[in-house]
Amino acid sequence: MSTESEQSAGQGYPTTWAVRSHDIPVSLSMDTSVWWSGDLFSAMRTTLGADRAREHLEAHAEGETVTHVALRAEQVVEWATRGGARALGREHDLGSIEEGKKADLVLLKNDHSPVSFPVLNPYGHVAFQAQRGDVHTVIVDGRVVKHEHRLLDTDLAAVRRTVERTVDHLRSTMGEDAWTKGMNPDVPETKILDNPYTYTDYRSTSTHDR
């Protein structure tokens with residue numbers, strides 16, 4: 001599931017509320033880091049909120065009230081961590097800390113965060129409070145790629161300069177008016193293009209030719 005994408009790109013209501021009722025394995029993802037947050041903390045938080053909102057909406061339609069929501073923080077943390085291995089059918093070598101499995105670990109620790117204490121409910125804390133800045137160490141297949149909140153073997157400053165130069169080039173080439181308009185596109189009065197994310201019958205090639 002890529003909840004942020006599904007909510008914004010017209011792919012229908014995020015379906016965890018439906019698939020979990022059939023015991024279908026769920027894993028969480030981010031569709032793109034260009035449009036949305038690109039981190040699994042947001043994926044957990046957004047998915048939990050969307051699923052609970054749907055449960056309340058269904059109850060309201062029946063004149064009922066939900067006092068104990070079905071989806072819990074522990075489940076979305078599971079989907080974001082072990083869920084990928086389960087969905088891929090690779091629980092034999094991924095997804096848990098066991099002998100013989102790949103050592104892929106994300107360690108959270110941030111003594112300077114104002115929300116890192118007290119950790120009364122670890123799953124709830126991860127799902128609702130933690131963020132990328134709280135990731136202290138990341139180990140991929142036994143290799144440390146991030147430690148003490150910093151990426152290793154990565155010249156982040158050089159990457160940042162490259163991105164900034166790219167943005168400066170685009171803005172100067174397009175012009176400030178076009179750049180501003182592109183960042184805040186108008187909402188058309190009528191439908192201009194078929195939405196590729198809606199699962200409807202194909203109409204014609206007329207809109208694609210534009």
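**Exercise 1. How much space lies in the largest pocket, and which elements give two or more residues to its lining?**

*Solution.* The structure is a predicted model.

Step 1. Begin with the volume: the largest pocket holds about 1200 Å³ of space.

Step 2. Turn to the lining, which is made up of 40 residues. Ala80, Thr81, Asp104, Leu105 and Val106 are the ones that lie nearest the centre of this pocket.

Step 3. Assign the lining to elements. Two or more residues each are given by the helices α3 (40-61), α4 (73-81), α5 (83-88) and α6 (122-128), and by the strands β1 (105-108) and β2 (135-140). The most is given by α4, with six residues.

Step 4. Sort the lining of the largest pocket by class: 23 residues are nonpolar, six are polar and 11 are charged.

**Exercise 2. Determine the volume of the second largest pocket, and describe its lining by residue, element and class.**

*Solution.* Step 1. The volume of the second largest pocket is about 180 Å³.

Step 1. The residues that line the second largest pocket are Leu108, Lys109, Asn110, Ser116, Val119, Pro122, His125, Val126, Ala130 and Asp134.

Step 2. Helix α6 supplies three residues, the largest share of this lining.

Step 3. By class, five residues of the lining are nonpolar, three are polar and two are charged.

**Exercise 3. How many salt bridges does a search of the whole structure find? Describe the pairs Arg90 with Asp93 and Asp186 with Lys181.**

*Solution.* Step 1. The search of the whole structure finds 11 salt bridges.

Step 1. In the pair of Arg90 and Asp93, the side chains meet at 2.6 Å, N to O. Arg90 is partly exposed, at 32% relative accessible area, whereas Asp93 is buried, at 13%.

Step 2. In the pair of Asp186 and Lys181, the closest N and O atoms are 2.6 Å apart. Asp186 is exposed, with a relative accessible area of 59%.

**Exercise 4. How many aromatic pairs does a search of the whole structure find, and why is the pair of Trp35 and Trp36 classed as edge-to-face?**

*Solution.* Step 1. The search finds one aromatic pair.

Step 1. The ring centres of Trp35 and Trp36 are 5.3 Å apart. Rings count as a pair if their centres lie within 6.5 Å.

Step 2. Planes over 60 degrees apart count as edge-to-face. The planes of Trp35 and Trp36 stand at 90 degrees, so the pair is edge-to-face.

Step 3. As for accessibility, Trp35 is exposed, with a relative accessible area of 56%, whereas Trp36 is buried, with 17%.

Terms used
Residues are numbered from 1 along each chain as its sequence is written. This is a predicted model: local features need pLDDT of at least 70, side-chain atom pairs count only at pLDDT 80 or more; totals for chains, interfaces and linings use all residues. Side-chain values use heavy atoms; hydrogens and water are left out. On a 1 Å grid over the protein atoms alone, a cavity is a set of points where a 1.4 Å probe fits but cannot get out, and a pocket is an open set with protein on both sides within 12 Å along at least five of seven lines; lining residues have an atom within 4 Å of a point. Grid points are joined across faces, edges and corners, and a volume is the space filled by probe spheres set on the points. Helices (H or I, at least four residues) and strands (E, at least two) are DSSP runs, numbered from the N terminus. Ala, Val, Leu, Ile, Met, Phe, Trp, Tyr, Cys and Pro count as nonpolar, Asp, Glu, Lys and Arg as charged, and the others, Gly among them, as polar. A salt bridge is a side-chain nitrogen of Lys or Arg within 4 Å of a carboxyl oxygen of Asp or Glu. Buried means under 20% relative accessible area, exposed over 50%, partly exposed in between (1.4 Å probe, protein chains only). Rings of Phe, Tyr and Trp (its six-membered ring) pair if their centres lie within 6.5 Å; planes under 30 degrees apart count as stacked, over 60 as edge-to-face and the rest as tilted.
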